[in-house]
Amino acid sequence: MSKIALITGATSGIGKATAEAFADLGINLILCGRRLDRLYEVQEALSNKVEVNILAFDVRNRSEVEKAFNTLPEELRVIDILVNNAGNAHGLNPIQDGNPDDWDAMIDGNVKGLLYVSKVIMPWMISRRKGHIVNISSIAGKATYPNGNVYCASKAAVEAISEGMRLDLNPHGIKVTNIAPGAVETEFSLIRFKGDDKRAEAVYNGFVPLTPQDVAETIAFVVTRPAHVVLADITLFPLAQASATVLRRDA
Ligand code: 8X3
């Protein structure tokens with residue numbers, strides 16, 4: 001029987017590329033995102049390959065999350081794979097100049113949103129004694145870089161939550177994978193710099209960044225290992241990157 005994967009933040013970037021990679025593997029999809037028009041587009045593009053359901057909600061809003069999942073029929077609650085991908089950076093400033101609205105957005109989305117979604121799905125996995133949770137963290141969660149402060153803190157929380165899940169879900173036979181990409185070219189920097197496309201483009205100048213497809217291929221590999229194998233933690237860099245702060249650009 002085909003598997004079912006639920007992906008948050010599926011309308012763009014790593015989430016959308018993962019949906020495409022899973023569709024190629026014949027994995028049925030429940031795609032979640034805030035933008036209904038974009039969800040319809042991805043649904044239309046992939047529904048010739050697999051069954052694609054969509055749920056529009058904002059992970060930051062706990063009652064929206066719960067309401068959205070309540071609409072899922074019983075036969076779609078057998079989720080084999082949860083990809084907690086939704087998340088963003090807002091701002092890149094010294095902490096003393098940070099905007100508390102940006103802090104709220106990052107902590108509410110990257111940390112609390114991941115928890116709200118997982119809180120609904122973990123019991124479904126536990127009752128079936130199987131499932132795989134893939135949390136999309138960041139190199140920012142493993143090392144703090146200047147001006148990254150609260151974004152890095154939110155991703156450090158994802159790292160801790162991945163570990164916590166792996167420990168607490170161990171008795172229930174559920175796999176947990178933490179994926180920490182470095183520089184991936186998506187809408188990430190455009191959102192971080194609030195639509196300033198010159199600043200966003202400059203982030204990827206002078207080197208070849210990872211693409212969302214590079215990360216999606218890794219996720220596809222992770223979820224297709226044999227039943228007894230868990231890839232617990234993966235860090236992915238483009239060739240030019242060596243750490244959160246070391247990135248070689250062509251002169
Ligand atoms: C995205 C990677 O290095 O911009 O999480 O924080 S980085």
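The following legends describe close-up views of a predicted model. Local features are given only where pLDDT is at least 70, and side-chain atom pairs only at pLDDT 80 or more, while totals for chains, interfaces and linings use all residues. Residues are numbered from 1 along each chain as its sequence is written, and side-chain values use heavy atoms, with hydrogens and water left out.

**View 1. The residues around the ligand.**

View 2. A polar contact here is a pair of N or O atoms within 3.5 Å. Polar side-chain atoms of serine 138 and tyrosine 145 each lie 2.5 Å from an oxygen atom of the ligand. For tyrosine 151, a side-chain N or O atom is 2.6 Å from a ligand oxygen. The protein buries 82% of the 240 Å² that the ligand exposes when taken alone (Shrake-Rupley method, 1.4 Å probe).

**View 3. The packing of helices α4 and α5.** Helices are DSSP runs (H or I) of at least four residues, numbered from the N terminus. Helix α4 (residues 100–128) packs against helix α5 (residues 149–168) at about 15°, with the axes 8 Å apart; axes are lines fitted to C-alpha atoms over the stretch in contact, and angles run from 0 to 180 degrees between N-to-C directions. The two helices are therefore roughly parallel (under 35 degrees).

Technical notes:
Polar contact = N/O pair within 3.5 Å; in protein donor to acceptor, adjacent residues only side chain to side chain. Parallel < 35°, antiparallel > 145°, perpendicular 65-115°, else oblique.
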